[in-house]
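Hello,

Here is the structure we discussed. My notes follow below it.

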Amino acid sequence: MAQKAEVTGREEQIVVFKLAEQTYGVDIGAVAEIIRMESITRVPRAPEFVEGVINLRGRIIPVIDLRKRFGLPEGEQTRQSRIIIVEIGGMTIGMIVDAVLEVLRIPAETIEPPPAVVDGVDVAYLRGIALWEERMIILLNLQKILYENEREALEEAEAAFEATA
C-alpha cells in the first residue's frame, strides 16, 4: 500500500541524479558528499549488488551499485558516473549512479505517493514522485534501500576488508 510522502516543511532540498535513463532524487540531508568514480576493491562473498569498498580519506566505505540493487539493466561507467556517499541508519555507504544532475528545492506539495509500479523499480524503495518543472523525479527512501540482513552483510564485508588491509 502506498503511503503519503513524508514532508518536513514547505520545501525539500534534494540531490537529483540519473540512473538508467530515469531521474531520481534523495534528501540532501542524507548526502555526505558526492565523489567521482574511483578504484573499488572487491570484497569476497559480498552481496551481488555490492561493488566493493573504497578508502575515503581513511574511512572504509562499502559501495553499492544502484542499478543492480533495483534490478535494472547493467550500464557502463562513464566520466559522468559518481558515487553518492549517504548516511543510512548510522551506516555510511556509497551509491553508484550514472550522473549527478543538480540540487533542487522543490515544494513539498509537488510530491505524490509512489504508484504501485515505477518503471521496474520496486515501490518499497520509493518515498514518492515529485512532479517539478515538467519532470518526474523519483524520490528514494534511503531507509529502505537495505534490508537488515544486507546491512549486516555490508558491515561484515567492511570488517573483512579492514582485517585484510
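Lysine 68 is partly exposed, at 27% relative accessibility (buried is under 20% relative accessible area, exposed over 50%, partly exposed in between; 1.4 Å probe, protein chains only). Its side chain meets that of glutamate 51 in a salt bridge, 2.8 Å from N to O (a side-chain nitrogen of Lys or Arg within 4 Å of a carboxyl oxygen of Asp or Glu). Glutamate 51 is buried, at 9%. The pair links distant parts of the chain, 17 residues apart: lysine 68 in helix H1, glutamate 51 in strand S4 (residues 50-56). Helices (H or I, at least four residues) and strands (E, at least two) are DSSP runs, numbered from the N terminus. A network of salt bridges links Arg42, Glu51 and Lys68.

This is a predicted model: local features need pLDDT of at least 70, side-chain atom pairs count only at pLDDT 80 or more, and totals for chains, interfaces and linings use all residues. Residues are numbered from 1 along each chain as its sequence is written, and side-chain values use heavy atoms, with hydrogens and water left out.

The salt bridge count is seven. Among them, aspartate 98 meets arginine 67 at 2.7 Å, N to O. Aspartate 98 lies in the loop between S7 and strand S8 (99-107), arginine 67 in helix H1, 31 residues apart. Both are buried.

Arginine 135 and glutamate 102 also form a salt bridge, at 2.8 Å, N to O. Here strand S11 holds arginine 135 and strand S8 holds glutamate 102, 33 residues apart. Arginine 135 is partly exposed at 26%. Glutamate 102 is partly exposed at 28%.

Best regards
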